[in-house]
Each structure stands twice: as structure tokens, then as C-alpha cells.
Amino acid sequence: MRLLDTETGYFVEIANPTDRPYAILSHTWDLEGEQKYQDVCAIQQTYQRRGLVHVLLAFLGRMILFVLGSWRARSITSAIPSAPPRGFVGRVLGTAEIWAATSPLQDPRLSRKIRGSCAHARLNGHRLLWIDSCCIDKTSSAELSEALNAMYRWYELATVCYAYLSDVGDGGAAGRVDVQEFERSRWHTRAWTLQELLAPDTVVFLSRDWRYLGTKLTLAALLYERLQIHPRVLTKHTALGTLCTAHLMSWAATRSARNDEDRAYCLMGIFDVHMPPVYGEGGQKAFTRLQEAIRTRRDPTVFAWNHASSPTCLEHLGGYTLDDTVQTAVVTQNSRIGSVYHYRSDFTSSLAAHPAQFLIGRLVFRIDRASYGQRLGRPELARHNFWAIPPSLAHDVLVCLPYVPLKACLTPETIAGLAPSMLNLFLAPLPCARHSSAQDAEGLLAIVCAESQSISPDAGTPGGPDVTKVLHAVWIHDRQGHTLRDGSAAPSSRIVLLAPEHLARCRDEVRTGGVLCRDPRASVALFRPPPLRIPPEDAGDEGVDPSVVLAPWCRSALTAEGFAIETLPLVIEGDEARLGYRLRRQGDETAVVIEYNPLHRDVFDMQLRFRIGLEELVVSPVVGDVEEAIRSTTTTTWTKWQVIGEGMGYTNSGCLDYPRSNGRPRSYIRVRLQYESQHRYMLGLDLVRFESVQT
């Protein structure tokens, strides 16, 4: 472990964090970046080889500071560094301070945050300090991996953790907090600061001027209001290990990180799991690996996630349908603090794609096996082993759960209103419930499932029930615009709420021996969806209508392929305005036409309806002995209208198959829409012409 000496400004290496007491800093990284390990080392090296010239420069620097009258106001020996003045005087004073400095901590090239944190720690009796930005050599993958896996323990063993809130004032006096400013701080929205709040015994909050604001105990009520983390957890009266996975995940649901992968890596210590960080794998893969590692905790609530922050009520299932053709979609969620989250959801995955899908876990609590069996009317489930996975299915099975036919939980009136595709679905109850109401607390959450057609059950495993049904989770999609209890729209869902009346109705139909496996479609995906490009949060301006233009790279590529690009004139038919392009290669008798019209426009979501057509030139004979080919009215054969832009980066493709009997080539056209910059979207077109195939 590498620490910073608050007296000398040099690094100190210790083999074990329990060897020496130390303080630790929690902060949010500046938007322009932080000083790294190499930057601090370069400053330290300038003070390790000082000679007579440096002594003379130090004397000259002190004289300049004294002459300019700033010795008292901005002395290099002051405890907390202040911001340097701007302009010519600022540059002169900055140079003079570099000359006058006799240690790295006096050097103005060292960031104010590092100097200020060292000064505050030194004033409070801490000789050693750890700062994540400069105490880790991130060029070493081995050191970075060790640090990320051990970071929770390092914060846990620290004497005190100083949480520096660079965007919060001191409220006019030490110990006074501006509540609104405190709740708006970026510190509450960053991914890594969650473990920095939970792990240490003592967290001291400091203002932008390094003045005391309070501790996590004195501010526990404010933190609970802002983060929904109970004071008993902050005071460590309730251990993290006693809380269910879904509830722990909900704390990270509204947090963001500079790197997508950090949304998963920052949770390793909270769940006490270890895995090697692989930056570049993408946030969804990293989060999937984290959930695979968490499964070793043997907590089935890791599967209690959903798009909506509330489970679907069984009474509303008449407005839902099962659509197996939907495999991916871009989901937009609004958090309780006003932040907007965009992420791509894979409907074939049994594990969540983004922490925001665990918003449902805020009110979820785990119930013991005895209560679980009692609620299902099967007392033998008190001895149920959720992890008795048959060896032959170990690769595909996630958890062993009892199951019940969906129809057994519903009234005849509700069954009559179900879509035909939902009549053969099952529910797999999880050993967890919700605190949202007294009635809900007596129920259970259940996963909507379908019977797998690709995996056959076997005789089970010793110590567990015989496998009687192999299931995989499915999504049901709302088609009637239901609203949730909080007034938000009800999106696609995989979790339903089994209220006590539903449990009483289906008790005779509960069966053991069900296993929840991976969706068989997930293993045969033919392509990887493109990554999202998310607009900045401040990109909204309702007074400006976003525009769609043909991407410059696309225009250059098509031109290089010999295509002439013609912009079609605007066509207005009723409330519909159509635009488009005509692509024709010299010598071809056909042209490809792309038409589109906006369905929905705003800064965070652009949807286009488009269609692709093949335009043919009609050859007409001239009356007389000589036939001459003349150009007349063109005819266009269109594909059906398709929608792109169900969120940024979404890709749709259209494929035109020309009749083989005429020897015409086949064209494959892919259309995609991506957010480019504020109020600007790019339309990309890829066109591939294959050789003609004769019949």
C-alpha cells in the first residue's frame, strides 16, 4: 500500500495496512482530471537533487513574495493553500512560490486538493494519508487490480475518512450545513463514494474550504433522506451481510462513474467478492461478471430486478403480452433525484444489465425459509435448497425455485382477458417481499417464466428435489399504457407481485423441482448490439428542434463507392413530413431510395420511421421502325416502414432481395441513428451490393 507523508510530501510504502495508522480521502474527481502518481513523482524528484542554484532561487523567490506584499496572505507555510491570483501578478507569484518551495507540499504545481488534504490531515495529527488519484500507479495493471479489490478493506481500516465536498460551502460557520447544497453535491451521485461512505467507521465531511460540516453519524438523517440508506447501516449496527442483494444493489442504482465498468467494480467490496478488472469490456459485461460472483452468496434476490421500480400487479396482466421477437431495447429511467439513465437491456439475459434495474430493491427484504414455505402453503420448503443444481445442468441453471402456473393465481375474469401468448406462463416465487404496504409485505415477488424447450429435466441431484420443470425468465410488455403507483408508465416487466389473496388461490398448484435456467436465445445471439452514446445531462433545450443529417463519413464512403447522393425534396402529407436520399451508381438502371420521417423528437430520444425502396427506370419504345430507350416515370418498390432510434445508438437493418430470375444483384442496406452532439443526430447508411445469382 502506498501512502503520502503529510509532513514531507513523499510516498511511503507499507506491506500491510494494519501496520501503520493512516487517514484516507474520499472525493469526486475534477472534470478536468486529477494529478496522477507519475505527476506527483515528477514534482517529488525536483526536490531530491537540490544544489546551490536551488538555494539561491529559493532565496530570490522569498524576496519576490515579500516585496509584492503577499508573504502574509499567501505564505508557503500556510496550512490550507488558497487559490492564486490571476493575470500577470498571478504568474509572477506562481513562479516565485515554485522557487521558494523547499518541499513538494509547498510546490504550487501540486494540486490544491492534495496540498489541502495533506494540510488538514497534518493539522489533525495524521502523518500518513491515502488518496486514490495519486497513490495508485494506474499504468500497472497488477497494482490497479490489487487496489480495486482491496480498496474496501483500506477504507475500513482507516482511522478516519475525510469526505471532501468541493461543491458545498460551510453554511457560514463550522458544523453548519446548507441542506440543499449538501443534497445536491456530486459526491452523492458517484459510484465509488458508496463504499467510501459504508466502509469506514468514521467519515468526516468537509466543505470546499476544508471546514468541518459533520460526520456520517451527525448527518445520518440527511444521508437517509438523500440516499435511502438507513442510519443503522451507517452506524454499522446492521451489517451489510444481513441485507439482501437486491436492497444493496438499489443503493448503486442512481450512481454514475467515469468508466462504465466502474459501476460494477465499485461494488466488489460491498458484496465481498473479488474479480480481476478488465477495462474495455464494457459496463454490461462487468456487471454480469459481478452478479455471477455474487451468486456465490447464495441469495436468490440477485434475480429480483426489473425495468420498473415497482412490480407488476397481477390484475393488470390483461394489458400485457409476450413478444419473443423482442430481444434488446434501450431503456430510459428517471431516478428520484431527477437524473436520467439510459442503458441497453437484453431481454434474453437472466442477469441485470445495469444497476438502475435494481431500483425495485429499495423496499425489498429477504424472508426466512420457514416464512417462505408458510406463505406458499408448503412447509417442506423450509428445508428447500435453492442451490441444489443438477450436475448435468450446472452450466445453464441459475437457481432452483418452486413454480406455479400463472393461471392458478388469477380469477376467471382476469384469465379471460389474457393474451393467448401468456396462458402457458409460470411464476417462480422468490424468498423476498416488499415494504411498500402491509399487504405487500405479506406477499412474495415472483419471476415470470416460460418452460424451456431446449433443455430437458433430469433426475435431480442428491439432497435436492427431482427436477420436474426447466424454466427461463421472460419479459411481458405493456400494451395499454398502465401506470405504476408512483404515476410513472409501466414498461416491460419480469417481476410480479403475489399478494396474499393470490398465494391463497394458488397454494394447491405450487410445485417443487423447478429450475431457473438461462434463456436459450442468449447463447445463439448473432450480433452484439452497438454501445450507447449518451447525451450530456445539460443538453436539453426545449426551444430547439433536433436535426438529422447524413453522417459525413457515410457520405464520403458512398461517394468513394461510386454512388451519387441526391437529397430528396421535403414532402408534407397531413401531419407527416418526409425526407430522404436517393443513391445511384453511374451506369445502373436502379437506385436505392431511403425515406424517413420523425416520430418523436427531443434531445434525449430521437425516433425515425424509415423505409427503403428500389427505384427502377422504365424503358419505353418509340412509335416507328426504330426503338429508342427513353427515360420515363420511375417506379419504386418499397419495404415496410421500420422504426429506429428507440434510444441512442439503436440499429435497425433493412434488406432488399432483388428477383433472381432477372439476374439482378442483391443489396443489403443498414440504417442507424446516433446522437452526435447537442441538437444533432447522425444518420448512417451502409449499402452492400452482392453479385447476381442466376436461378
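At 17% relative accessibility, Tyr37 counts as buried, a term for residues under 20% relative accessible area, while exposed means over 50% and partly exposed lies in between (1.4 Å probe, protein chains only). The model is predicted: local features need pLDDT of at least 70, side-chain atom pairs count only at pLDDT 80 or more, and totals for chains, interfaces and linings use all residues. Residues are numbered from 1 along each chain as its sequence is written, and side-chain values use heavy atoms, with hydrogens and water left out.

**Overall composition**

- The protein has 17 helices and 32 strands; these are DSSP runs numbered from the N terminus, with helices (H or I) of at least four residues and strands (E) of at least two.
- Of its 695 residues, 50% count as buried.
- The protein exposes about 32400 Å², and carbon and sulfur atoms supply 52% of that area; accessible areas come from the Shrake-Rupley method with a 1.4 Å probe, and for residues only the protein chains shown count as cover.
- Among contacts (heavy atoms within 4.5 Å) with a separation of 6 or more, 66% are made by residues 24 or more positions apart.

**Aromatic rings**

- The protein holds 11 aromatic pairs, in which rings of Phe, Tyr and Trp (its six-membered ring) have centres within 6.5 Å; planes under 30 degrees apart count as stacked, over 60 as edge-to-face and the rest as tilted.
- Phe11 and Tyr37 form a tilted pair, with 5.3 Å from centre to centre and 40 degrees between the planes.
- This pair links distant parts of the chain, since Phe11 is in strand β2 (residues 11-13) and Tyr37 is in helix α1 (residues 37-45), 26 residues apart.
- Phe11 is buried, with a relative accessible area of 17%.
- Trp130 and Tyr155 form an edge-to-face pair, 5.9 Å from centre to centre with 85 degrees between the planes.
- Trp130 belongs to strand β4 (residues 128-130) and Tyr155 to helix α5 (residues 141-157), so their pair ties together parts 25 residues apart in sequence.
- Both Trp130 and Tyr155 are buried, and ring pairs link Trp130, Trp154 and Tyr155 into a cluster.

**Charges over rings**

- The charged end of Arg2 sits over the ring of Tyr37, 4.3 Å from the ring centre; the rule asks for NZ of Lys or CZ of Arg within 6 Å of the ring centre and within 35 degrees of the ring normal.
- The charged end of Arg494 sits over the ring of Trp305, at 4.1 Å from its centre.

**Helix α7 and residue Gln195**

- Gln195 is placed in helix α7 and is buried, with a relative accessible area of 2%.
- Leaving aside neighbours within four places in sequence, Gln195 is in contact with Met151, Tyr152, Pro200, Cys266, Gly269 and Ile270.

**Strand β13 and residue Pro405**

- Pro405 is in strand β13 (residues 397-405) and counts as partly exposed, at 23% relative accessibility.
- The C-alpha atoms of Pro405 and Cys506 are separated by 8.3 Å, although these residues are 101 residues apart along the chain.
- Not counting residues up to four places away in sequence, Pro405 touches Leu425, Phe426 and Glu509.
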